[in-house]
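I opened this one today and kept notes as I looked things up. Here they are, in the order I went.

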Amino acid sequence: MIGRLFLRREAGIAVMIVLFCLAVGTVKPQFLTLDQLRIVLLLTPLIMIGAMGQMMVIVARHVDLSIGSTLGLAAMISGMLYRFDVSVLGYDVPWWTGIPLSIGVGAVLGLANGVLIQLFRLPAIIVTLGTLSLYRGLTFIVSNAKQIDRQYIPTELKALSTTSPILGIPWIIFIAFGIAVLTYLFLNHSRIGRQVYAIGSNPVAAPLRGINVTSVTLLVFTLSGALAGLAGVLYASRWGFVNPSNTGTGFEFQVIAAVVIGGVSINGGVGTVLGTVLGVLLLGCVAAALPLLGIPGTSQAAIYGAVILVALLIDRTVRQRGIVGLRRATA
Amino acid sequence: MVEAADMPVISARGISKSFAGVEVLRDVDLDLGRGEIHALLGENGAGKSTFAKILAGVYRPTRGTVAINGSVADINSPIAAQKLGITLIHQEPISFPDLTVAENLVLGRNQGSPLARVPWAAMTREARQLMDLLGVKIDVTRAMRGLSIADQQMVEIARALASDSRLIVMDEPTAPLTPKEVETLFGIARRLRDEGRTIVFISHRLEEVRALCDRVTIFRDGNRVATDSIGNLSDADIIRLMIGRPLREYMKKHGTTIGEVALKVEHLSKPGFFSDISFEVRKGEIVGLGGLVGAGRTDVARALFGVAPASGGSITVNGKAVVVSDPSQAIGLGLAFVPEDRAVAGIFRTLSVEQNITAAVPGKIAPGGLIQRLVEKTLAQDSVRKLRIRLASLRQPIGELSGGNQQKSILARWLLTDPSVLILDEPTRGIDIGVKAEFYDMIGELAASGRAILLISSELPELLALCDRVLVMSEGRITADIARAEATQESIMQAAVPRTRDAVAA
Amino acid sequence: MSAMDTEVTGTTQDSAPARPRWQTLLIRPETMTFILLVLGVIAGGLLSPFFLDINYILSSFTLYAEFSIVALVLTMVIIAGEIDLSPAANMALSACIFAWMQQAGVPIPLAVLIGIGSGLLMGALNALFVIALQLPSIIVTIGTLTLYRGLAQIIAGDKSIRVPEWFIGIDKIMVLGIPLPVLIFIVEAIVLAIVLGGSIFGRQIYQIGTNEIAARHAGIRSRRIKLLLFLITGGVAAIAGIMTASRLGSVRYDLGLGGELQMVLMAMLGGTYIFGGRGSIIGTLLAAWLLSIMTNAMNTASWLPATQFCLLGVLLIVSIIVTNFIYSRTQR
């Protein structure tokens, strides 16, 4: 129902994806193959999961810069479970135990962000800049600055990224889309999900309508952390290792880029799951096209930065259309 | 049952309210009956809005009780009020622009667990029914963003119906509405009354009150001065009750001569805000600018001062045609502007009084770029003495001063720029009556010293007492230019109210 | 309306009593920073007598001088109600441009100028988004931070670019017994303290940060001032980047990585109010020394870098909480 209102924006991103693919395809025809689609899809699941959490946070008029470090710490703690289970616990834990552990760790870290932001009335950006450093530091401390190598990551976990239940599409992609569907159901069909939009839309008036801003905000940050945690254990699955300095570094920028290009407004209240999914896919296409076009991988970061700025511009232009009428009302 | 019908729905006893020690409401008793439309009348600051907000749980009274159907209720929040069946409809309705109309309607109802499914279909159906009931055509599945104020009010009223409110308080609902929208609103209000609900209607407009209301209560200076059936009171009675005290006749200083034109505005326009505004203000002259809230008066002032420049027309200051695109430029031309909302556009709350006073004269306090503390202190001290600003120290944050003294400090800021044209936008709003009188004297003195003054005010007595001429704006246009001799509350109001509205009053 | 009424309200209501002078002076975030600094020096002194040696204190600060130099101007940006998270990335990109230019044969002085010019351009780009397009600086500079760092990566790749021998070692140049970067920092702090505390420009920065709408109504050209601040930040960041190049002897794209946190931390720890309108140069100066001494002490006590990472994060959060608390107490 609410999707209809912003459908134009989503259609715009879809068109951009198609145009981009066609443009790359004319130069490098192999870009338009199924194999390439698989590559694009494989690039996106972690970002997609992180983006779902970040989107909720931004819709509620906050931002979470710490998700990269949260991902790293959660991945590291599950990695350490796999690494030391036999030597410390005395038995080999089942392969899936890292998943709830990682999600749990992420949730706790996210909740900590939320508590600092909501209870002390601090700006989310500064708090999460601080926890970005804090969580990364903790990752080094718990791991003693050592990487968890390939042999310790359970084969079944790694198989999530390589084996497929159907159509040759790996499990990890189904998980990512599953999370997107759950996020959609949560945001659009649960009462509290709508309250997230209400808070972002008019934070001052939300308490007047009986919305418990504190608990909704805490929930949103907890979910963002939990999803970063899930992305963490899937990182271990996808890449087969966890490194204290590399794992998750820069993740926040990729995710924020995907979210804002997906039409989530930094002014809160606006954003859809579909838009965010499309934003993630667009970034995935760009990332997949770079090596084909012979552009070095080092230019990726610059592209993310440029994408964020362009998305901000688009967001502003979209908003400005309706602004004359609004100004009158608020003058 | 008969007794129940006679029993007042709401009975307020001894309601008093103070803000920061200033009593704005004093021992108000009021009974509201079932199925009546009850008007609250009074000048700005008389206490009617405060009283309404106490009923709606926005404020808590300092003293006094409110009983609902005979039992004392604790209305400690808007949510509590809503549960008790009381809804306040703000002039600028509360809305969540990114949610749909239907969602805005049901938001705040406490139903089920937080994870409960949003019943989109049922919600939409119910919202449609409510809209049909009100006879308005709003697509309930669209977002609130972009809805007109009138439609937003309708959504608020629908909210009140949805929660089955027995008391609906409307705080100046008609100010931003077109005549046709007012008519729709009145029709709905009458229907709600006939259903047995109680409506409290706050307005400045006598003709609207006459057209709609059964009884009126008049507030003055925080007291309830009268409650009567509307038929028993003539307009003159009501105005006398509202004004009460004979306003001290403002004495023009001897020797004030009205000189040449200082500010001349021709065909000034800004689409969506105002159009074809032409007038002039002479040296030594006080020109009033009256009209209803939202008529575009402040927008004209902001355009003159370059805060939000106009898109067409011309401005001449002291005989020189100018284009003002920025306040700093306006100051250079000898303009000064005391804005309407002091907290937003006037003071630097946490900074010292001294800094606040000298903010507009960087050239005087820092001729070479570095601030000369002594010069600054002297300037500020002189201003404090001249305007009788009461403070503990020049270095204390201005936020610690009372509203009147803050306003004096802002005026002091502008006097330091030695302006030839002074634009005052509601200069006495939210100020104690005693200090108001001081302001009137000051404004008179400023005119006497040869400055041209444009005074925007919603308080008719203020305009009548101070101004040599009163311009009246309505819906973005100047509708009257009334000389002091002819100016009356009626003549100003008549020009302020959009013309086609006569139909409603009938 | 009688004189009586006025008298009564005059005595009871017109203003709160002024606070005693000592209270306003003492209960300031800067005082906390100063106390922490003293404690830091004492703790350091207990750890090793080196910490009380003025030469050691000065020379050890060279590691922190570059970030500190930027943190001073960043303080002004934050007081004006904006923020800039991009200067660390700006340092890297300017340094890369400089190093790349001189490697390509451009004479060093010209390369330095080009580096500083590119820093100014980066500041201008931030300003364009924030001032002309009216987007929130916090998110804009997250974007530009990614962009600038990414561009540095494109220019330098994964390799490091060396600078000529004679250009290396700005931190070894001693003027009046003080390492040059430290001297630059101190001189800059004095100049900026005078500008911020004593000039009309500084005064207006506070006014904009306190209430930008009121500032505009008072004829203060807030956009021009903010533009200037972003430009200065960009230029100073570029200078700091090139200084880093000289100290390290080579430039990589990850020069100053994570520096935005350190810079913001210095400003916050020095009592700059995150929502604008309050703060001081002296606070940031003290905080910069405090950080330098803490880092040295932790290194001496052979704490892991990771622990230091954690501490920085915790310190940032604690310092905003404390600063907010102090300001909320002293403002009614």
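**Notebook: a pair, a sheet, a contact side**

I began with one pair: Lys264(B) stands opposite Glu280(B), which sits in S12(B). A note on terms: helices (H or I, at least four residues) and strands (E, at least two) are DSSP runs, numbered from the N terminus.

Before going on, I wrote down that this is a predicted model, where local features need pLDDT of at least 70, side-chain atom pairs count only at pLDDT 80 or more, and totals for chains, interfaces and linings use all residues. Residues are numbered from 1 along each chain as its sequence is written, while chains are lettered from A and ligands numbered from 1 in the order in which they are written.

**The sheet in chain B**

I looked up which strands pair (DSSP must find at least two bridges between them). S11(B), residues 261-270, and S12(B) pair in the antiparallel sense over six bridges. They belong to an open, antiparallel sheet of four strands, in the order S12-S11-S14-S15 (chain B). S12 (274-282) and S15 (320-322) of chain B are at the edges with a single partner strand each, so one side of each has no neighbour in the sheet. I noted an average twist of 15 degrees from one strand to the next.

Then I checked what packs on the sheet. Helix H10 (residues 297-304) of chain B does, touching S11, S12 and strand S14 (312-317) of chain B. Its direction makes about 115 degrees with that of S11(B). Axes here are lines fitted to C-alpha atoms, for helices over the stretch in contact, and angles run from 0 to 180 degrees between N-to-C directions. Contact means that the C-beta atoms of two residues, placed from the backbone, lie within 7 Å.

**Chain A**

I found 14 helices and zero strands in chain A. Its radius of gyration (over C-alpha atoms) is 20 Å, close to the 20 Å that the globule rule (2.2 Å times the number of residues to the power 0.38) gives for 331 residues, so chain A is as compact as a globular protein of that length. The C-alpha trace spans about 70 × 55 × 35 Å along the principal axes of chain A.

**Where chain C meets chain A**

Which residues touch? I got 35 residues of chain C in contact with 33 residues of chain A. Helices H7 (137-156), H12 (259-269) and H14 (305-330) of chain C each give two or more residues to that side of chain C. H7(C) gives the most, with 13 residues.
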